[in-house]
Amino acid sequence: MNAVGSYEVRTRLLYTSRIGTVFLLLIDASIWLQRPDIVDFHHRVQPIPGPFVQDIYDFVVVGAGSAGAVMAARLSEICHWDVLLLEAGTDESFLTDIPFLYPTLQTSRVDWKFLTEPSDRFCLAMKDQRCRWPRGKALGGSSTINAMLYVRGNPRDFDAWRDLGNPGWSYDDMLPYFLKLEDMRDPRYANLSYHGRGGPISVERFRYHTPLRNHLLAGLEEMGLTNRYGEVNGPMQSGFAVPHGSIRNGLRCSTAKGYLRPAAARKNLHISTKTMVERILIDPNDRRAYGVQFEKGGRRYQVMVSKEVILSAGALNSPQLLMLSGIGPRQELERHGIRVIQDLPGVGQNMQDHVATGAGGYTIQPPPGSPPLAYDFGDAVGVDTLRRFLFNEDGMLYGMSLCEVMGFLNTKYQDPELDWPDVELFLASLSDLTDGGRFGKRGSGISNNYYAQVYEEQVYQNSYMVIPMLSRPLSTGWLELASKNPHDHIRIHPNYFDNPKDMMVLVRLIKPILCIEGLKFADALANTTAMRNINATLLDYSRSACRASNFLNKDDFYTCLVRHYTQTIYHPCGTAKMGPVTDPMAVVDRFLRVHHIGGLRVVDASIFPVITTGNTNVPTIATGEKAADLVKAAYAADLRAHADTLRECKTLHTDYSAKAMEESQAV
């Protein structure tokens, strides 16, 4: 039966895949004709050709992602500093702007297409038992392909960083950078002291929501779980609220849009795309970075730096480049024949990720004669949806399907008196049934066999998902080099559920209704009056390895679901840990300088000592903002010597930014 079911899935997807593909092509072509605000022709980054790259720069920034784009923009504010930004991917596409289409970006040309190593403890429902780990390969990095959910993290996260030997990184230290990066456009929150105005990253509510959202909110209110402030970035994180997003005029606001486009015309900033950095050049005698080697257009280049190399390639690529350059665990480097310049055991270790599960899917039934309550695939690829998007600037394509409502809860493993939740939940107004496996299945990497067992007999039904995510996992993973070839992807060992408490947090249930863990919360929500009214029903797992009849208790059933449908939420971090030199696993100090190596800093999520409570994109941007100030402070004497130039430079950049904003609003 399994083989037959798998064949049916393959056959159906073969015949229906054209529908989604044609719709995406139609949107792309229509945007060029009808949406000049997305095309943004006059402000798009114009990459520098290889032959025009200078021999030497003051700074070379490797990676144009959530932190790298910030670094390049902020350092190039100093007019007499020449900055080169190197990015392996291309510019953002038109489709990356559209919130609803973010799942289609996974496995596309703007995704690095990473896979975890096979495991018999997690990702069991995935092809070859390997989970996909999407990472952005474009200007803006993962801020270009993520779900745009705007979450700062919890104040206690950053206080914990400080307490681990990193003074200057407490929440009070980081708050000014959260305010600096933010342009809060939601009028209900814009004038509050803990939100910022005028920053590069615009923050709005998603423009579209399904009728299901009101049912979800009513169910949460029955359970007493709504956030009293209506958001998760204010005085209290615990509870459920409608999320804010990194959104500008309803569309994605990546760091490429927020930071690079306004800065791209600066004469002292060169941006090179389609550029594969192969290694950092380090003098083995004085242990100082003096340049970067990269490949572009089939040619190899070496560029020197007079000040520093800033490594912002992300939590997977930054450790890989450190190791390829001779910095990392001695045994790992010697195994691949790489000369050891600095033995740093922590490179590639301490890897943390917000493990989640997509197994909490429920079908629903709208009242007779009513339109669908959740997203409907037929409507999503319909002419009316495209028309509303192109001409009315509203409709389904402006929605965030993954998260109509977001919440943070304390489980029994967390002190209930602390506002420091250990579970985050996303209430999604679709499931893997919705598109029949066209995009969601591919993005998650679900095997045809598993899809046939669980989903095939109910495809395209109206449905939703409750996705519980472990906020602060105790299990840590590691990275290994596949070879000394920089084109070979790093080997990823997430090590999910190595600590059994992580699994308990995701699945167990205890009595107090305010302390429901993971998937058991999904059951409790489905049994509220609001959700029973629309017949919320858990997906049928009776044909899968996780059929309830196989288990004596429900905890074991849920454990099976989690081990099969394991999921990342795009948040790997910690692989170049920040900490004092006395910490044997620390890679960078509190100024983000690589220990024992001069002229080299790491600025991205890999420096997080401990993962933050919530989505990691905004903390990564704030890290870039803080790091830019750290670099400027390190060269204070140089800045004082060029005080007159800096005054002229500031006026020039202010005038340009105002002009760019005026032109953008006119469009």
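**Close-up 1. Asp183 and its salt bridge with Arg197.** In this predicted model, Asp183 counts as buried because its relative accessibility is 11%, under the 20% limit. The side chain of Asp183 meets that of Arg197 in a salt bridge, with 3.8 Å from N to O. Since Asp183 belongs to strand β5 whereas Arg197 sits in the loop between β5 and β6 (201-205), the pair ties together parts that are 14 residues apart in sequence. Arg197, with a relative accessible area of 53%, is exposed.

**Close-up 2. The salt bridge between Glu182 and Arg152.** The side chains of Glu182 and Arg152 meet in a salt bridge, at 3.0 Å from N to O. Glu182 lies in strand β5 (residues 182-184) and Arg152 in the loop between β4 (132-133) and α4 (155-163), so this pair joins parts that are 30 residues apart in sequence. Both Glu182 and Arg152 are buried.

**Close-up 3. The salt bridge between Arg205 and Asp186.** Here the closest N and O atoms of Arg205 and Asp186 are 3.8 Å apart, and the two residues form a salt bridge. Arg205 is in strand β6 and Asp186 in the loop between β5 and β6, so that distant parts of the chain, 19 residues apart, are linked by the pair. Arg205 counts as partly exposed, at 22% relative accessibility, while Asp186 is buried, with a relative accessible area of 11%.

**Close-up 4. A network of salt bridges.** Salt bridges link Arg74, Glu77, Lys180, Glu625, Asp629 and Lys632 in a network. For the model, the count comes to 31 salt bridges.

How values were computed:
Residues numbered from 1 in each chain as written. Predicted model: local features only at pLDDT ≥ 70, side-chain atom pairs only at ≥ 80, totals over all residues. Heavy atoms only, no water. Salt bridge = Lys/Arg side-chain N within 4 Å of Asp/Glu carboxyl O. Helix = DSSP H or I, 4+ residues; strand = E, 2+ residues; numbered from the N terminus. Buried < 20%, exposed > 50% of the residue type's maximum accessible area, 1.4 Å probe, protein only.
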